[in-house]
Every structure is written in structure tokens, then in C-alpha cells.
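Work through these exercises with the sequence and the model side by side. Try each task before you read its solution.

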Amino acid sequence: MSSRHHDEEMKRESNMKRLVSIASIAVVTGGFLWLGELQAQPATATAPATDTAAAQEAEDEEAPVQQDELVEKPGMYTGVVSCANTGCHGSPAPISNSNVLQNEYDTWLHGPPRSHVRAWEILLNKESKLIGKNMRLKQSPDKAKICLDCHSTNVAKEKVGGTVEIADGVQCEACHGPAGGWRARHTQAGWTHQDSVNAGMIDQRDLRARAKNCLSCHMGDATKTVDHELIAAGHPILTFELDNFTESRLMPLHWKALKDKPNAEAYGPPTHGVNAWAVGQSVIFSEGLTHLSRQAKSEKWPEFASMSCAACHHNLRTGEWRQERGYSGRAGLPPWSPVRWSVLRHVVAEVAPEQQAGLDTDVNELATLVASMRRPEAVAEKADSIAKRMSAITEKVESTQWSEKRVRSLMSRIATDADYFYRNDRQSAEQATWALVSLSANLSRTNPKLVRGGVQKSVDDLYKQLNKMPMPDEYESSRFKETLVQLQKQLK
């Protein structure tokens with residue numbers, strides 16, 4: 001069998017497993033019973049084990065446990081199909097009189113090629129196989145833990161109480177938490193959102209919690225990361241921006257805006273838009289500092305994934321601008337990439353101006369320590385110190401009310417900093433572009449005229465520049481600077 005046919009066969013098999021799993025849930029729940037009706041039963045009630053595969057698996061365990069007891073245990077993963085009943089989150093279309101859309105499963109299942117549902121399938125393509133070869137993995141990428149930990153909901157067997165398929169990719173519980181403690185009870189009268197959070201749900205209304213959960217894969221945590229070795233093997237450089245990543249085609253809309261919910265004021269401050277963007281900027285910087293500290297304390301220091309790629313990877317024939325712009329430290333040292341600070345510094349200047357100068361100084365000192373590559377203990381100490389300071393600043397960012405005037409002011413700050421982005425790397429320019437895309441989109445919702453104005457045209461031009469020039473060698477820093485200057489004129 002050819003490699004292409006093998007991959008297609010595996011995809012067909014994964015899709016068939018989804019259908020079989022849904023059918024199994026239908027059997028367990030009595031075929032046509034809605035999950036909501038099951039949830040009305042006492043929490044201690046148990047149904048007869050009718051899933052043959054689950055029963056066989058239980059027999060193989062040293063201490064057999066009824067499958068439904070495992071499913072309803074806090075911290076246990078029940079699988080995406082446990083949410084797929086048409087009366088719960090598996091409706092083929094939104095239900096207008098519901099507090100939630102109820103078609104979340106369908107939205108996830110039919111996501112675009114690079115969405116969460118396709119994350120595991122990516123591991124079957126030729127690029128992933130090449131990365132696996134370069135990394136000398138003992139297993140193919142679709143079976144290797146280093147890949148599965150982010151490209152699927154890869155949880156330990158003892159934490160699985162339902163049907164969790166690796167081929168499902170990044171499924172509901174990867175973002176919303178193991179459902180065992182709350183799935184059967186979260187629709188019961190008197191059961192609150194906080195009850196679900198206490199029982200193991202990840203609170204996606206909490207912007208800091210949401211950002212940290214996303215970043216566990218989109219940046220890395222104590223157990224997994226995309227380091228320089230993996231990037232050199234061919235893995236894309238990790239990037240992240242909370243608002244754009246949760247409002248784009250990569251994460252299709254599957255929630256109701258607060259304004260569309262009954263008693264919207266009871267849900268607290270806005271959980272999307274500028275609020276999500278600003279808190280995301282603060283959290284990714286703080287988490288990035290913690291990540292850097294871990295790297296500095298490890299045996300793999302120096303870790304070049306935290307440094308500016310273009311410092312080493314650039315076209316020597318056309319790279320004169322790097323000499324023209326100068327260096328913040330000694331020429332030739334690979335600087336720490338300012339990507340996570342490049343835009344946040346303007347948020348801090350807007351909401352906590354008394355902190356901005358001091359943080360700028362600290363960040364410059366940290367960058368100097370990273371570039372020297374000789375004092376990892378000092379790097380870790382400085383990174384931890386800045387991260388500690390950021391906690392109070394994140395609280396300020398989270399409580400800020402973002403009026404149209406304030407959003408325009410923030411966009412103007414970023415655009416005015418054209419020289420900063422000219423001097424620094426493509427990743428920083430990319431972060432600035434995403435910021436401006438997010439901020440202008442939110443302005444356009446309240447003032448549609450902006451869509452046809454010069455502001456939007458300049459923002460679109462920035463996005464097109466980076467989209468057409470995905471490689472560091474192709475990025476034109478001078479052109480990016482010129483477009484920012486033009487945007488600043490439009491914002492006056």
C-alpha cells in the first residue's frame with residue numbers, strides 16, 4: 001500500500017471510529033434518550049454496561065470498575081462523543097431559545113483543515129513524517145508522545161472513563177477540561193457554572209485561565225515545548241494571540257456572545273474582543289518569562305527557540321539592513337526576541353504608565369543576559385522577578401474598560417513605534433499586525449465606516465506583507481515601517 005493510500009485509510013478509519021463511538025453512546029443512553037434526561041437521574045444511579053468494548057476493557061483491569069462510574073468521576077475524560085447527543089451539544093443547527101448554541105459538536109467536527117479537529121491528521125502528512133525522521137523518533141508522528149501531547153487529547157489511560165480517541169485530535173475536553181465531574185450534572189436545576197468549574201471544568205470565561213490553557217500547547221509548559229531542535233527539524237515556530245486565535249477560522253465560533261444571553265450582566269466583563277486581546281498579551285508575556293526561566297534552569301541552555309531567529313537565519317547578500325539598524329548589544333550575539341513584549345509595552349503604557357519605563361529597563365537587562373548565553377542562573381532570576389511584577393499589571397489590564405477612544409489611542413501608540421519594529425524581528429512585526437487587526441476589527445463593529453477607510457486599508461496592507469512573505473529572509477522591515485507611518489497619519 002502506498003504512503004498516500006495508507007494515510008487516506010487511516011483518516012477513513014478515524015472518521016469511522018467517530019461514528020461508531022457516537023453509536024455506542026446512543027446504546028449506552030438508551031438509543032433515543034436525551035442526555036439531559038439522563039442528567040436528571042440521581043448522581044449515584046448506574047446504568048447497565050451495554051458497551052461490549054468497554055466491558056472487555058474493564059475485565060482486563062486488575063480492579064474492574066463499572067464504565068459509567070468512571071465516566072462520572074471528577075478528573076476523568078469522557079470523550080467528545082459524550083457531548084454529541086442532539087439534545088445536548090450535537091444539534092445540526094443552533095437552537096435559538098437555548099442559553100448555548102447546542103451545535104458545538106457539529107461546528108468542531110466540520111472545522112477547516114487547520115482547526116483542532118484536524119490536529120491529529122496533520123501528523124500523517126509528509127511534512128510531519130520528515131520532522132519525525134529528523135527528530136529520529138522511534139514511532140511515527142501519529143503515535144509519538146512528543147507529537148500527540150499537543151496534536152490530540154493525549155491523556156493517561158487511568159484518566160479515561162469514556163471513549164477518547166487519539167484520532168479525534170484536540171477535542172472538547174482539551175479546552176474545557178475533563179468532563180467526568182460535571183457532564184451529567186451541569187444541566188440540573190440549581191447547578192451553576194462555578195459548580196462545574198469546581199468539578200474540573202476549565203473556566204473559559206476567565207481570560208487568564210483561557211490564555212494559559214491555550215499556551216500550554218501554543219507556547220509550551222513544564223511537560224512539553226517546541227524547542228530549537230524541533231524547529232530545526234521542520235516544525236513551525238509557535239505563535240499566539242488570544243483574540244485572533246479564538247475568533248478565527250482556526251477556532252470556529254461556537255458560543256453565544258454575552259449580549260445574546262439572557263441576563264448578560266450576570267456573566268461579568270466581556271470575555272472576547274479587546275478584553276481578550278489585552279489580557280492575552282499580558283499572560284503570554286508572563287508565561288513566556290516562566291518558560292524562559294525553565295529553559296535557563298535546564299540542561300539544554302542556551303535554548304535558541306527563545307532568541308530572534310533572523311539574527312542567525314538571514315540572507316547574507318541582502319541583509320545589509322541588519323547592519324544599518326545597529327544592535328542593542330554586542331554585534332553578532334543572538335538577541336532574545338522581544339515578540340511578547342513588543343506590543344504589551346504599549347498596553348502597559350496605556351493602563352499602567354508608571355510601570356512602563358521600569359519594565360522596559362528590566363526587559364532590556366533580561367535581553368542582554370539571554371544574549372550573553374553565559375549566566376543561565378541570572379536569566380532565570382531576572383525572568384522570575386519580572387513575571388512576579390506582571391501579576392498586578394495583568395489585574396489592571398483585566399479591569400480596564402476599552403472605549404473607542406482608548407482603542408484608537410492604543411493603535412496610535414503601536415503605529416508611532418515604527419522605528420522599534422524596524423529594528424526588531426519579523427515575529428515582533430507579526431505580533432503588532434495581529435494586534436492592529438484585532439483592534440481595528442473591534443472598532444469596526446461599533447463604527448462600520450472604518451472598514452472602508454484608510455485605517456483599515458493600512459492594517460490590511462500590514463497583514464498582506466507578512467502573509468506574502470512568510471520566511472524571515474523575505475520580510476522587508478523598511479516597508480513595514482513605512483506602512484506603520486501611513487497608519488499613524490490615518491489615525492490622527
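Of the protein's 492 residues, 46% count as buried (buried is under 20% relative accessible area, exposed over 50%, partly exposed in between; 1.4 Å probe, protein chains only). The model is predicted: local features need pLDDT of at least 70, side-chain atom pairs count only at pLDDT 80 or more, and totals for chains, interfaces and linings use all residues. Residues are numbered from 1 along each chain as its sequence is written, and side-chain values use heavy atoms, leaving out hydrogens and water.

**Exercise 1. Check the span of helix α17 (residues 353–372).**

Solution. Step one: the expected span is 1.5 Å times one less than the number of residues. Step two: for the 20 residues of α17, that should be 28 Å. Step three: the end C-alpha atoms are 30 Å apart, which agrees. Just after α17, M373 takes a positive phi of about 65°.

**Exercise 2. Find the buried residues of α17 and what covers them.**

Solution. The buried residues include L359, V363, L366 and V370. An α-helix has 3.6 residues a turn, so residues three or four places apart point the same way. The cover includes α14 (274–297), α16 (344–351) and α18 (376–399).

**Exercise 3. Describe how α14 and α18 pack.**

Solution. Angles under 35 degrees count as roughly parallel, over 145 as roughly antiparallel, 65 to 115 as roughly perpendicular and the rest as oblique. So α14 and α18 are roughly antiparallel. Now list contacts (heavy atoms within 4.5 Å). Among the residues that meet are F285 and L289 in α14 and I386 and M390 in α18.

**Exercise 4. Decide whether C83 is bonded or too far from C172 for a bond.**

Solution. A disulfide is a pair of cysteine sulfur atoms within 2.5 Å. The closest cysteine sulfur to that of C83 is in C172, 4.9 Å away, too far for a bond. The whole structure has zero disulfides. C83 is buried at 16% relative accessibility, whereas C150 is partly exposed at 26%.

Key
Helices (H or I, at least four residues) and strands (E, at least two) are DSSP runs, numbered from the N terminus. Axes are lines fitted to C-alpha atoms, for helices over the stretch in contact, and angles run from 0 to 180 degrees between N-to-C directions.
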